[in-house]
Amino acid sequence: MVEQLQWRRGRARRASAAVLTGLALLTACGGGADGDDKPAVPPTASGTLEQLASKAHCEPDVQTDAQELRRANCTTGDGRYVLATFATDRGQREWINEANDYGGSYLVGRKWVAVGDADVVAALRGRLGGTVETASPHHAGNSGGGGSEEGHSGHHKS
């Protein structure tokens, strides 16, 4: 009797593991139970400004070429955006924190950022990987009433 219970427990564990493995594979492949067919996101790209621009199918128009920051304007079939690379992670985060005051959509990788309209950033993510951050402008115009930070959402990652 004890052997039979142990056999059933082992069988139940194997079945649970198989279900969990199947769900993990389904999630990793981008398909979900709701039929969502989102394109797969590639691993986050890395490299120089020119290498990233090439992966994004952009001929970069370099605007800033400094040791700590390189920035270029890009135009592709998806639209216009700015691509920036940073010498340090800290420099990148400080730049993003300041840029968040203006709102917008950011595609963020290790030591690089692409900034553009949400649909352009989404298209770039399919080529460069990375994480999308969206920011609500902190000071969106002159309301005259001083405004309120209540309900302020800041920026979100997806």
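Modeller: Please keep in mind that this is a predicted model, in which local features need pLDDT of at least 70 and side-chain atom pairs count only at pLDDT 80 or more, while totals for chains, interfaces and linings use all residues. Residues are numbered from 1 along each chain as its sequence is written, and side-chain values use heavy atoms, with hydrogens and water left out.

Biologist: How far apart are the closest N and O atoms in the salt bridge that Arg 93 forms with Glu 133?

Modeller: A salt bridge here is a side-chain nitrogen of Lys or Arg within 4 Å of a carboxyl oxygen of Asp or Glu. Arg 93 and Glu 133 form such a bridge, and their closest N and O atoms are separated by 3.1 Å.

Biologist: Is Glu 133 buried or exposed?

Modeller: Buried means under 20% relative accessible area, exposed over 50%, and partly exposed in between, with a 1.4 Å probe and protein chains only. Arg 93, at 30% relative accessibility, counts as partly exposed. Glu 133 has a relative accessibility of 2%, and therefore it counts as buried.

Biologist: What separates Arg 90 and Glu 94 in helix α3?

Modeller: These two residues also form a salt bridge, with the closest N and O atoms of Arg 90 and Glu 94 2.9 Å apart. Arg 90 is exposed at 64% relative accessibility, whereas Glu 94 is partly exposed at 40%. Because Arg 90 and Glu 94 are 4 residues apart in helix α3 (residues 89-99), what separates them is about one helical turn.

Biologist: Where in the structure is the cysteine that a disulfide joins to Cys 58?

Modeller: A disulfide is a pair of cysteine sulfur atoms within 2.5 Å, and the structure holds 1 of them. This link joins Cys 58 to Cys 74, with an S to S distance of 2.0 Å. Cys 58 lies in the loop between α2 (49-55) and β1 (61-65), so the pair ties together parts 16 residues apart in sequence, and Cys 74 is in strand β2 (residues 69-76).

Technical notes
Helix = DSSP H or I, 4+ residues; strand = E, 2+ residues; numbered from the N terminus.
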